[in-house]
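Reader: I have not looked at this structure before. Please take me through it with questions and answers.

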Amino acid sequence: MRLPAPLALAALALLAPPRPTIVSVTPASAVGATVTVTIEGTGFEASSSEAEVLQPDGRLLATGTITDRTPTRLVATLALAAGVSPGRYVVRVSNPDGARSNTATLTLTSEVAISPARGRPGQPFTYTGRGFTGNSGVTSHLQGPDGLEWQAKRYGTSAEGTFEREISSGEFVPGTYAVWAMDDRTKITSPKATFEVVPAAPPSP
């Protein structure tokens with residue numbers, strides 16, 4: 001017996017594999033070009049679903065390497081291009097039958113750090129940054145203990161999106177200083193990092 005067309009389509013729909021659906025991606029933000037995420041959802045193909053990262057314009061940026069999978073959970077290592085710009089990207093899951101999930105946001109961030117965290121005037125401080133656009137640059141800012149900002153400086157970034165500079169503190173007064181950097185391409189600013197200049201040791205008697 002041949003089913004009417006509407007009933008046949010309904011039967012096919014019931015037989016079709018479920019469409020993958022993303023509920024969450026953890027972490028939702030990360031620093032760097034290699035990120036491991038856990039994708040929770042439903043309808044994942046237990047043997048061959050793929051995790052994909054798309055650029056804001058919809059172009060494919062990377063396909064992840066799956067290290068653990070179930071029909072409701074994927075753990076994927078996303079090896080993005082070295083020096084990828086900070087910003088908002090999207091993650092989706094593709095099944096082998098061509099079905100694609102909804103998308104979830106993955107935010108790539110940048111960060112700066114200072115070492116050591118404290119020292120006396122004259123102590124050289126190492127200032128580093130990562131997660132910025134590769135082969136580009138950053139505009140770096142330094143704020144003194146009085147809350148006033150010193151003249152901004154531009155530093156170039158490596159192919160991996162990093163930089164390293166030395167801060168000379170010979171003329172610094174004691175107090176807490178803050179540094180941060182803005183990616184020149186995206187204009188996205190890193191969180192601040194602080195360091196402390198402590199009073200010089202008293203002269204020996």
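Reader: Which residues have the most contacts inside the largest nonpolar core?

Author: This is a predicted model, in which local features need pLDDT of at least 70, side-chain atom pairs count only at pLDDT 80 or more, and totals for chains, interfaces and linings use all residues. Residues are numbered from 1 along each chain as its sequence is written, and side-chain values use heavy atoms, with hydrogens and water left out. A nonpolar core is a set of buried Ala, Val, Leu, Ile, Met, Phe, Trp, Tyr and Cys residues joined through side-chain atoms within 4.5 Å, where buried means under 20% relative accessible area, exposed over 50% and partly exposed in between (1.4 Å probe, protein chains only). The largest such core has 21 residues, and those with the most contacts inside it are Val25, Val37, Ile39, Leu78, Leu80 and Leu108.

Reader: Which strands each supply at least two residues of this core?

Author: Strands here are DSSP runs (E, at least two residues), numbered from the N terminus. Those that each supply at least two core residues are strand 1 (21-26), strand 3 (34-42), strand 4 (50-54), strand 7 (73-79), strand 8 (87-94) and strand 9 (104-109).

Reader: Which residues make up the covered face of strand 9?

Author: In a regular strand the side chains alternate between the two faces of the sheet. The uncovered face of strand 9 holds Thr105, Thr107 and Thr109, and its covered face holds Ala104, Leu106 and Leu108.

Reader: Does strand 9 run parallel or antiparallel to strand 8?

Author: Two strands pair if DSSP finds at least two bridges between them. Strand 2 (residues 29-31) is joined to strand 9 by three bridges, and these two run parallel. Strand 8 is joined to strand 9 by five bridges, with glycine 87 partnered by leucine 108. The direction of strands 8 and 9 is antiparallel.

Reader: How are the rings of tryptophan 150 and phenylalanine 172 arranged: stacked or edge-to-face?

Author: Rings of Phe, Tyr and Trp (its six-membered ring) pair if their centres lie within 6.5 Å; planes under 30 degrees apart count as stacked, over 60 as edge-to-face and the rest as tilted. By this rule the count comes to ten aromatic pairs. The centres of tryptophan 150 and phenylalanine 172 are 4.9 Å apart and their planes stand at 75 degrees, so the pair is edge-to-face.

Reader: How are the rings of tyrosine 177 and phenylalanine 195 arranged: stacked or edge-to-face?

Author: Both tyrosine 177 and phenylalanine 195 are buried. Their ring centres are 5.5 Å apart and their planes are at 15 degrees, so the pair is stacked.

Reader: At what distance does the side chain of threonine 157 reach the backbone nitrogen of serine 136?

Author: Threonine 157 lies in the loop between strand 14 and strand 15, and at 10% relative accessibility it counts as buried. A polar contact is a pair of N or O atoms within 3.5 Å; within protein, one must be able to donate a hydrogen and the other to accept it, and residues adjacent in sequence count only if both atoms are side-chain atoms. The side chain of threonine 157 reaches the backbone oxygen of threonine 133 at 2.7 Å. For the backbone nitrogen of serine 136, the distance is 2.9 Å.

How values were computed:
Helices (H or I, at least four residues) and strands (E, at least two) are DSSP runs, numbered from the N terminus.
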